[in-house]
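Have the structure open while you read.

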Amino acid sequence: MKFDLHIHSCLSPCASLEMSPAEIARRAAAAGLDGFALTDHQSARNCPAIAECARRAEIACLFGLEVQTAEEVHTLALFDTVDQALALTDWVYTALPKRVNDPETFGDQPVVTADDDIVELEWRILAMGCRRTIPETAAKVRELGGLYLAAHIDRTNFSVLSGLGSIPDGCFDAVELSRTADAATWLPRADGFAVVRSSDAHNPDDVARVWTEADLPAFTVGALRDAFSRKATRLSPRLTAF
Ligand SMILES: [Zn+2]
Ligand SMILES: [Zn+2]
C-alpha cells in the first residue's frame, strides 16, 4: 500500500483555503494512494468532513493532528476513528495559549463540511505550541489507541533533532522525513526507528508528491503499528526541486 500520513486542510492557518476535505480526498485518490491521514495543526475538527469525503472518493483515511508540543516540536498523532482524534483535540485545546486567532497574522481556520460549507471559523490559536510535553502527549495518544510519530526530523525548525538534539526514548512509533530529505543522510539518524516520508501538503498540488509504502493487510493503526515494529516501510524518492 502507498500512503501519505501528513496532510493539512484549510483548518490549518498556514494551509491554502483550497485544501478542502473534498479536494484532499479527490487528490489523494487520483494520485493512486491507498490511504492518507489528515493532520491539521493542533486540531482534528475537519476530520468528520474528511471521513465523509474519503468514503465518497473510495480511499482509506486515518484521522489525526499535528501536535506542536511544549518543546516547540511537531509531532503526528494518528487514529482509526474521528472520535479518538477529537478526544486528543479536546485535550490539546485545554493547553493552548489563551489567545484568539488573528487571521490577518496567522491565517483563516475554517471548519468545513464535506460539501465545502463553512461551519465555523476556529477561534483558538492553532499556530502556536501547547503546554503538553512530548512524553505527556505520547502517553495520551497511547491511551487513546493511536500512533505517535516525530514529524519531519530533518527540518531545521520544529523537529525533535533541531529542538532536542536527539529522539526521546519510549515516545514514538516511527519518525518522518520531509519531502526533500536525502534518505542516505537521514536514515542513520533515525536511531533505529521505522521511517516514513510524507508530503506535509499545505496546497492541493503537494498531496502525495512523496509517499511511503508497506505491505499492509488494511490501512489501519494496527497494521501500521505492526509494519513499524518490523521496520517494514519503503520511502518514495525525495523531491529535489519544488
Ligand atoms: Zn510540521
Ligand atoms: Zn505539517
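Predicted model: local features only at pLDDT ≥ 70, side-chain atom pairs only at ≥ 80, totals over all residues.

Side-chain values use heavy atoms, leaving out hydrogens and water, residues are numbered from 1 along each chain as its sequence is written, and chains are lettered from A and ligands numbered from 1 in the order written.

**Neighbours of β8**
- Strand β7 (residues 147-150) runs parallel to β8, joined by two bridges; strands are DSSP runs (E, at least two residues) and helices are too (H or I, at least four), numbered from the N terminus.
- Leu-149 has Ala-174 as its bridge partner, and Ala-150 sits opposite Val-175.
- With strand β9 (residues 195-197), β8 pairs in the parallel sense over three bridges, and Glu-176 stands opposite Val-196 there.

**The whole sheet**
- Nine strands make an open sheet with mixed pairing, in the order β9-β8-β7-β4-β3-β2-β1-β10-β11; strands pair if DSSP finds at least two bridges between them.
- β9 and β11 (234-235) stand at the edges with a single partner strand each, so one side of each has no neighbour in the sheet.

**Helices across the sheet**
- Helix α2 (residues 47-57) lies across β2 (35-41) and β3 (60-68), at about 155° to β3.
- Helix α5 (residues 134-143) lies across β3, β4 (74-79) and β7, at about 150° to β7.
- Those angles run from 0 to 180 degrees between N-to-C directions, with axes fitted to C-alpha atoms, for helices over the stretch in contact, meaning heavy atoms within 4.5 Å.
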